[in-house]
Amino acid sequence: MKMIEKINRSNQKGKKITIIGLKKSGYAAALLGNQIGATIFVSDLRDDKDIIKNRDRLIDKGIDCEIGGHTNRIYDSDYWVISPGVPSNINIIKEAKKLNIPILGEIEFASQLTNIPIVAVTGSNGKSTTVSIMENMLDTGRLNPILAGNIGIPLSKIILEEIENPNIGNILILEISSFQLEFINQFRPIISVFLNISPDHLDRHRNMDEYIKTKLKMASNSKDDDKIVYNEDDDIFRDEFRDHNPNAIPFSIKNKTKFFSVNKTKIYDERNEPFCSLDEILLKGKHNLSNLIASATVARILNVDSNTIKNTMKNYNGISHRLQTI
């Protein structure tokens, strides 16, 4: 598939961009593309009430849209931006590839237009909880985190806000699904976090190998000073990253790792001194302990002090619609 030149805020004027999908991500990408001077055309097969509302808003801003089906106009384009809900094996994508039209995911598109460094989190389970813990842990004043991605806030929406207010924050924390990783080629987090992997979305990814390969794409552009934080208790990620490079940093609730270790009653720090008692932690369950240790490992890499990390461990009580105490 044809690659495009690296996009930035000043080299997109007059570019023709087709956006496939008109829910939250596609809508935000259309506004962002329009803001940087591109000519936007949005197309969606569906025409439910949310899509009709988004279409009407875009038309009010002078952005062309079609809903209820795709016409051949989608192919008159310098490149496409795909919403994460659009599968990679549908006919229009096969046709676009035949015509050598470059295809970017919405995350890929938006990430090339930001000046803010990215911490990205992927995994089969626990992503939303982990990015939410991380946002809490990194909110130190020196660090001013912004949450986006699969958690329900399109990255394009945040970048549009950043263009209007460059002081919006200084680190992006992104929840990244496998769907969002299908069409990336230059996406590059400074820290890529891999939580766990188990059979999931196999209706969309042809098989488990394909699913794993898609997840691993998140670190495919890592450079020497970028970090990969991975769950050593997950066999697949351990085998993948163990010999990866010195910048691959494991976390675990079973073994001692660079920053933390855990026994039945306590978490210990890198000096093997007691850090936090497990009974002081509000969020229950081994999976959540793993999410906390993953977040604390990222916080350590970013030089967050121990008290701030402990404070989150002791007080963070989870996100809505998950486990809660009754």
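Residues are numbered from 1 along each chain as its sequence is written, and side-chain values use heavy atoms, with hydrogens and water left out. Because the model is predicted, local features need pLDDT of at least 70 and side-chain atom pairs count only at pLDDT 80 or more, whereas totals for chains, interfaces and linings use all residues.

**Packing of helix 1 and helix 6**

Helices (H or I, at least four residues) and strands (E, at least two) are DSSP runs numbered from the N terminus. Helix 1 (residues 24-35) packs against helix 6 (residues 155-164) at an angle of about 30°, and their axes are 8 Å apart. The two helices are therefore roughly parallel, a term for angles under 35 degrees. Axes are lines fitted to C-alpha atoms, for helices over the stretch in contact, and angles run from 0 to 180 degrees between N-to-C directions.

The contact (heavy atoms within 4.5 Å) involves Ala28, Ala29, Leu31, Leu32 and Gln35 of helix 1, together with Ser156, Lys157, Ile159, Leu160 and Ile163 of helix 6. By class, seven of these residues are nonpolar, two are polar and one is charged. Here Ala, Val, Leu, Ile, Met, Phe, Trp, Tyr, Cys and Pro count as nonpolar, Asp, Glu, Lys and Arg as charged, and the others, Gly among them, as polar.

**Salt bridges**

Side chains of opposite charge can pair when their charged atoms come close. A salt bridge is a side-chain nitrogen of Lys or Arg within 4 Å of a carboxyl oxygen of Asp or Glu. The whole structure contains 17 salt bridges; among them are the pairs tabulated below.

| Pair | N to O distance |
|---|---|
| Asp56 and Arg55 | 3.0 Å |
| Arg238 and Asp235 | 3.0 Å |
| Glu280 and Lys314 | 3.3 Å |

Arg238 and Asp235 both belong to helix 9 (residues 235-241), where they lie three residues apart, about one turn of the helix. Glu280 lies in the loop between strand 14 (274-277) and helix 10 (286-301) and Lys314 in helix 11 (residues 306-315), so this pair ties together parts that are 34 residues apart in sequence.

Relative accessible area is classed as buried under 20%, exposed over 50% and partly exposed in between (1.4 Å probe, protein chains only). Asp56 is partly exposed at 35%, and Arg55 is partly exposed at 25%. Glu280, at 35%, is partly exposed, and Lys314 is partly exposed at 29%.

Lys23, Asp48 and Asp50 are also linked, in a network of salt bridges.

Terms used. Parallel < 35°, antiparallel > 145°, perpendicular 65-115°, else oblique.
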